[in-house]
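The sequence and model come first.

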Amino acid sequence: MASNIARPPYDPELNKILTSLSFPPIITPEHIPAVRARPTAGPEQFLVGLPITHEDLFIKGPGGDIPISVFRSSTSASTKRPTILWFHGGGFFAGSRFGGIPNLLKFVQELDSVIITVEYRLGPEHPDPAPVEDGYASLVWISENSVELGIDATRLMIAGSSAGAGLAAGVALYARDHGGPAIYAQLLQSPMIDDRLETLANQQYTDDGTLTRGSAETGWNALLGSRRGGKGVSIYAAPGRATDLSGLPPAFIDGGDAEIFRDDIMAFASKFWAAGVQAELHIWGGAFHRFQAFAPKAAITVIADTTRDAWVRRILAA
């Protein structure tokens, strides 16, 4: 059942895929164990036949050791590689550091990039500020170990999808405000950035789609608990609350016009422009939240992925 508020329709091809998905449209706290139990492909599956090495490490964090994984070319000896620091999605309560990695491996082969992905702590067991603490600790570790990693610390892109994109945006703000390592660019795919859920889009998609208002409430509650929607929530936890985006690196931001984060995404892009920061925004017609993950072969996904990949190549090859 869909909301009876007028709203953009789903792309016909995406709509067919949406109706075939089996998970509940509204994820409640009771669903979290089942969501976490869903299998995720690991390096042993997605690296088969690729000239890419994979290394698991543990770095020191404020809450204990943080697992990270480093992906790099097995044929390059360069000591000045660009780097993508990746944060997975999952609503702040699920997901693993290997989520989304297959989409980045092309940059290892084409641009000799190093991909570093983080197993940040999740709510509700580890609420805010745990995720941003882990994300920032990872950024600092990369900067301090750039020589050993064989990377160019001046070409470090921070990236993520959904909650991971919100975390990337929060880490960028935290680094700016605390004199942290320089970030070259940020890639924010359908970012989850505002816990207040007050926009029109939040009202349009309440009963169907890949992320409904109820599911978003579950995610924000996992991160913020009783503080969700109230005063005093940090801009590092909910970057959409930030009023000044000056001093941040350029950004690529995308999303769908048929998802609950649409208006938050557009408002965030506008804040970049108001601060004199370059931001490239794409809102894809008829697209639900993270359509690329659920419909990788759909025509609109191919266009969106091509557009995103061209931006990454242009930025990291500069």
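## Basis

A salt bridge is counted here when a side-chain nitrogen of Lys or Arg is within 4 Å of a carboxyl oxygen of Asp or Glu. The model is predicted, so local features need pLDDT of at least 70 and side-chain atom pairs count only at pLDDT 80 or more, while totals for chains, interfaces and linings use all residues. Residues are numbered from 1 along each chain as its sequence is written, and side-chain values use heavy atoms, with hydrogens and water left out.

## Overall dimensions

The chain has 12 helices and 8 strands; helices (H or I, at least four residues) and strands (E, at least two) are DSSP runs, numbered from the N terminus. Its C-alpha atoms fill a box of roughly 55 × 45 × 40 Å along the principal axes.

Of the 318 residues, 56% are buried. Buried means under 20% relative accessible area, exposed over 50%, and partly exposed in between (1.4 Å probe, protein chains only). The chain exposes about 12,800 Å², and carbon and sulfur atoms supply 56% of that area; the areas come from the Shrake-Rupley method with a 1.4 Å probe, and for residues only the protein chains shown count as cover. Among contacts with a separation of 6 or more, 77% are between residues 24 or more positions apart, where contact means heavy atoms within 4.5 Å.

## The sheet

An open sheet of 8 strands runs in the order β1-β2-β4-β3-β5-β6-β7-β8, with mixed pairing. Two strands pair if DSSP finds at least two bridges between them. The edges are β1 (52–61) and β8 (279–284), each with a single partner strand, so one side of each has no neighbour in the sheet. On average, neighbouring strands are turned by 20° against each other, direction ignored. Axes are lines fitted to C-alpha atoms, for helices over the stretch in contact, and angles run from 0 to 180 degrees between N-to-C directions.

Antiparallel pairing occurs between β2 (residues 64–73) and β4, over 4 bridges; there F71 has I115 of β4 as its bridge partner. Two helices lie on the sheet. Helix α5 lies across β1, β2, β3, β4 and β5 (151–161), at about 115° to β1. Helix α12 touches β3, β5, β6 (185–189), β7 (251–256) and β8, and its direction makes about 170° with that of β8.

## Strand β7

Strand β7 pairs in the parallel sense with β6 over 4 bridges, and L188 stands opposite I253 of β7. On the β8 side, 6 bridges join the parallel strands β7 and β8, with A251 opposite A279 in β8.

In a regular strand the side chains alternate between the two faces of the sheet. In β7, A251, I253 and G255 lie on one side and F252, D254 and G256 on the other, and all are buried. With 6 of its 6 residues buried, β7 is therefore largely enclosed by the rest of the structure.

## Salt bridges

The whole structure contains 21 salt bridges. One of them joins the side chains of R97 and E119, at 2.8 Å from N to O. R97 lies in the loop between β3 (81–87) and α4 (105–111) and E119 in the loop between β4 (114–118) and α5 (130–144), so the pair ties together parts 22 residues apart in sequence. R97 is buried at 12% relative accessible area, whereas E119 is partly exposed at 21%.

R313 and E110 form another salt bridge, with the closest N and O atoms 2.5 Å apart. Because R313 belongs to helix α12 (residues 299–316) and E110 to helix α4, the pair ties together parts 203 residues apart in sequence. Both residues are partly exposed: R313 at 29% and E110 at 44%. In the salt bridge between D152 and R155, the closest N and O atoms are 3.2 Å apart; D152 is buried at 14% and R155 is buried at 16%. Finally, K106, D305, R308 and D309 are linked in a network of salt bridges.
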